[in-house]
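Here is a brief report on selected packing features of one protein chain. Please keep the structure in view while reading.

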Amino acid sequence: MANRYDLVIIGSGPGGYVAAVHAAQLGLKTACVEKWPRLGGVCLNVGCIPSKALLDSSEYFHLAKVQLASHGITTGTIGMDVSKMMARKEQVVKDLTDNVKKLLENHKVVILQGTARLAGKNRITVDSAGKTETIEADNIILATGSAPVAPAGLAFDGKTILSSTEILKLDAVPGRLGIVGGGYIGLELGSVWLRLGSQVTVIEMLPEIASSMDGQVRRRLQSLLKKQGFTFRLGTQVTRATVAGDKATVVIESDGKSETLEFDKLLVSVGRRPLTQELNLEAVGVATDPQTGFVRVDASLHTSVAGIYAIGDLVPGPMLAHKASAEGKAAAEIIAGKPGEVNYDAIPSIVYTAPEVASVGLTEEHVKKLGIPYVTGAFPFAGAGRARCLGETEGFVKVIAHKATDRILGVHIIGARAAEMIAEAVLALEFGASAEDIARTVHGHPTFAEALMEAAAAVRK
Ligand code: FAD
């Protein structure tokens, strides 16, 4: 039957497209349904990729303006053409999403454009331009991702009160940018506009920013961002935001006191919710968590209905592209009758501020809470030759190891190359390495990675 598949995947984000390619490689007749005109999901279109493209452009701007002089480089007047920066970002996104399309086509994955809805355990309808097509599948992977949350009183208007999607498309640098939420998305997007000249105020309900980070790293990040010009209003709740003209007026509350702030743009980045409403899950019997909205899955990513799987932002765990891809790969393997799995203990998380923050495994706070006996070792980038050559000496590497066995429990890095360096720590965790294993591994000199080796050596003092 032409429209019957071994596997249909709903959503083409880093979860869905990776699952599709992997399933095709494993010999499954596979289709992928996507409602957006471009493949790649949030990550490629309005998430990881455009945000990093803007972070890179704004970092070059900052380097040219502030840091090059210390290398003896003289520059003329430095300017920023925001429309050119945005056009470059769009080109990066287009190139990558085109690549995903080619990748699927090369693997003979059938791409169906339209909005998918479950019509039964093995049946899906795809709506596109007023037409409905019905397809059948032995297996289905739900990979519809997530959408930004707008809390009560903070509805997005797309012009002044923005979600992460709209702030990636601004055509001018806002004078005063307010950010509700001190998580990684707010800090990264705040960094872009701060470097380009905005006054950035982060309003966070908790007493600290980036609350899931290791405390030592988080405190260092906060103080470095403050030095760069971020204003933090911590332990502060936004109760309401209204728009008058082209300004947002925000009412905040802290210690029982109320205050009003005014911004040219307000980014609301307080979290994301799984995107399930179009899928018709209840009718088919796919269970979701009533509190969080996540689709319930077991260790094999199987939902409550046989043959239907769910991955990525739709299911519990960190909302990260590489976690979605790892689950996509595992689900494809399981459907193909192979032993697929994801090691949730070794998923890195990275914040692309300057300096970057990257971590894997348990934080010191976590280890303490779990009552695990532990030791730590740390090494500052100021002691690494390569970091000195580049003038990137802020930050440190911290290794947490089991006190008795020396097995690595967590690695936390704040520093210029943290995003790339964390891969070695992830591999170490994956292989169950000890701190001594890293300390005795010969690292190239001079590199940033030597700081990890030194921090591992410092565990045993
Ligand atoms: P998504 O990428 O959300 O893709 C879901 C797809 O399903 C979408 O294309 C959607 O159109 C489609 N879809 C939805 N419903 C239907 C339907 N009914 N029918 C057909 N198609 C449908 N993560 C990182 O790891 N690193 C980062 O640096 C990073 N930066 C980020 C920056 C920002 C600003 C944001 C917002 C997110 C960032 N993320 C980052 C998170 C990352 O983008 C997500 O974790 C990831 O995209 C989730 O992948 P997914 O495949 O689960 O879903």
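This is a predicted model: local features need pLDDT of at least 70, side-chain atom pairs count only at pLDDT 80 or more; totals for chains, interfaces and linings use all residues.

Helix α3 spans residues 48-67. Its buried residues include Pro 50, Ala 53, Leu 54, Leu 55, Phe 61 and Ala 64. Ser 51, Ser 57, Ser 58 and Lys 52 are also on the buried list.

## Helices α1 and α9

How closely do the axes of α1 and α9 approach, and at what angle do they cross? The axes of α1 (residues 16-25) and α9 (residues 321-335) come within 7 Å and cross at roughly 30 degrees. Angles under 35 degrees count as roughly parallel, so α1 is roughly parallel to α9. The crossing of α1 past α9 is right-handed.

On the α1 side, the contact is made by Val 18, Ala 19, His 22 and Ala 23. On the α9 side, Ser 325, Gly 328, Lys 329, Ala 332 and Glu 333 take part. By class, this contact of α1 with α9 has four nonpolar, three polar and two charged residues.

## A parallel sheet

Five strands form an open sheet. Their order is β8-β15-β9-β10-β11, and the pairing is parallel. Strands β8 (161-162) and β11 (231-233) stand at the edges. Each has a single partner strand, so one side of each is left without a neighbour in the sheet.

The partner of β8 can be followed in detail. Strand β15 covers residues 265-268 and runs parallel to β8, with two bridges joining them. Leu 162 has Leu 267 of β15 as its bridge partner.

## Two alanines

Is Ala 455 buried or exposed? Ala 455 sits in helix α14 (residues 450-458). Its relative accessibility is 0%, so Ala 455 counts as buried. Leaving aside neighbours within four places in sequence, Ala 455 contacts Gly 377, Ala 378, Phe 379, Val 397 and Val 399. Phe 379 is 76 residues away along the chain, yet the C-alpha atoms of Ala 455 and Phe 379 are separated by 4.7 Å.

Ala 287 lies in the loop between α8 (281-284) and β17 (308-310). At 26% relative accessibility, Ala 287 counts as partly exposed. Not counting residues up to four places away in sequence, Ala 287 touches Val 295, Arg 296 and Ser 304. The C-alpha atoms of Ala 287 and Thr 303 are separated by 7.1 Å, with the two residues 16 apart along the chain.

Technical notes: Residues are numbered from 1 along each chain as its sequence is written. Side-chain values use heavy atoms; hydrogens and water are left out. Axes are lines fitted to C-alpha atoms, for helices over the stretch in contact, and angles run from 0 to 180 degrees between N-to-C directions. Helices (H or I, at least four residues) and strands (E, at least two) are DSSP runs, numbered from the N terminus. Angles under 35 degrees count as roughly parallel, over 145 as roughly antiparallel, 65 to 115 as roughly perpendicular and the rest as oblique. A crossing is left-handed if the near helix is turned anticlockwise from the far one by less than a right angle, and right-handed if clockwise. Contact means heavy atoms within 4.5 Å. Ala, Val, Leu, Ile, Met, Phe, Trp, Tyr, Cys and Pro count as nonpolar, Asp, Glu, Lys and Arg as charged, and the others, Gly among them, as polar. Two strands pair if DSSP finds at least two bridges between them. Buried means under 20% relative accessible area, exposed over 50%, partly exposed in between (1.4 Å probe, protein chains only).
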